[in-house]
Amino acid sequence: MPSQNIQWFPGHMARTRRRIQESLSLVDAVVEIVDARIPVSSRNPELDGLTGRKPRLIILNKADLADEQTTRRWIAAYRRQGVAALAVDCKGGRGLEGFLPALRALLHDSVAKWEERGMNRAIRAMVVGIPNVGKSSFINRLTKGGKAKVEDRPGVTRSKQWVPVDRTLELLDTPGILWPKFDDVEVGKRLAFTGAIKDDVMDIEELACYLMEYLGKHYAEILTERYKIEVEEGDTGYDLLTKAGRKRGFLMRGAEVDTERMARILLDEFRGGKLGRFTLETVEKVRE
């Protein structure tokens with residue numbers, strides 16, 4: 001990964017920004033989906049300005065892949081800030097039963113006014129988030145019928161669409177939206193680790209080396225268990241990637257390790273939860 005700021009801003013993301021602003025008056029609340037493994041890096045800093053003072057509920061998705069205790073600390077931290085938050089696993093459905101009650105609690109005053117006036121109307125909420133955090137999976141689970149197209153690659157949802165969940169709730173789906181550039185290179189790394197940025201935007205081997213180095217420092221026992229390698233003092237990410245590739249038998253001519261193949265395996269297994277449950281950002285490192 002280059003040391004300079006990472007810049008990318010596809011045209012469809014610029015259009016999504018406009019659509020969010022244009023549609024804001026049509027909804028009662030904003031539901032922001034983030035990745036529970038990277039609660040800071042997976043939040044688009046532009047959304048605060050785009051959505052203004054509209055009530056917001058943060059959904060920490062992929063909680064099944066994140067460290068459970070750390071997720072609980074994140075939820076507690078949000079609540080101390082007066083922010084509504086809920087941890088869910090959209091693929092398995094865990095935690096989603098709490099979504100509508102949490103949304104109604106967020107809009108308690110508005111719902112009470114509607115009921116006083118005899119208005120039997122559905123809550124309308126806009127679903128936003130960066131690519132690949134699980135917005136479509138979230139909607140599909142709620143509708144129980146696969147209303148929004150899901151594909152395991154960033155940016156697949158291309159146009160806004162209204163999705164009726166039931167008579168009490170309607171959701172406005174929007175495409176994933178990143179921001180123009182990542183001033184913090186570490187943010188770019190974390191987004192790439194979890195698949196929010198397409199792999200062809202970045203050097204796959206360099207990215208895997210960064211991840212191996214992080215895991216070697218913080219979760220050495222996981223690497224030993226999964227790849228049957230010893231993590232020694234002074235090992236670089238490349239050293240660990242090479243060790244794992246050699247152990248897996250990924251050899252090319254001359255017994256050279258195919259580090260690109262091992263890099264893809266590492267990232268696939270990390271993203272799929274095969275290495276365990278990790279949260280790459282802790283509450284203690286972020287000023288509340």
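1. The side chains of Lys 189 and Glu 186 meet in a salt bridge, with 2.9 Å from N to O; a salt bridge here is a side-chain nitrogen of Lys or Arg within 4 Å of a carboxyl oxygen of Asp or Glu. Both residues belong to helix 7 (residues 185–193) and stand three residues apart, about one turn of the helix. Helices (H or I, at least four residues) and strands (E, at least two) are DSSP runs, numbered from the N terminus. Lys 189 is buried at a relative accessible area of 11%, whereas Glu 186 is partly exposed at 34%; buried means under 20%, exposed over 50%, and partly exposed in between (1.4 Å probe, protein chains only).

2. On the basis of the values: this is a predicted model, in which local features need pLDDT of at least 70 and side-chain atom pairs count only at pLDDT 80 or more, while totals for chains, interfaces and linings use all residues. Residues are numbered from 1 along each chain as its sequence is written, and side-chain values use heavy atoms, with hydrogens and water left out.

3. Arg 190 forms a salt bridge with Glu 281, their closest N and O atoms being 3.2 Å apart. Arg 190 lies in helix 7 and Glu 281 in the segment after helix 11 (259–271), so the pair ties together parts 91 residues apart in sequence. Glu 281 is buried, with a relative accessible area of 6%.

4. A further salt bridge joins Arg 248 and Glu 269, at 3.6 Å between the closest N and O atoms. The pair links helix 10 (residues 237–248) to helix 11 across 21 residues. Arg 248 is partly exposed, at 31%, and Glu 269 is buried, at 8%. The whole structure has 17 salt bridges.

5. Six strands form an open sheet of mixed pairing, in the order 4-3-2-5-7-6; two strands pair if DSSP finds at least two bridges between them. Strand 4 (84–87) and strand 6 (161–166) are the edge strands. Strand 2 (residues 29–35) and strand 5 (residues 123–128) are paired in the parallel sense over four bridges, and Glu 32 has Val 128 as its bridge partner in strand 5.
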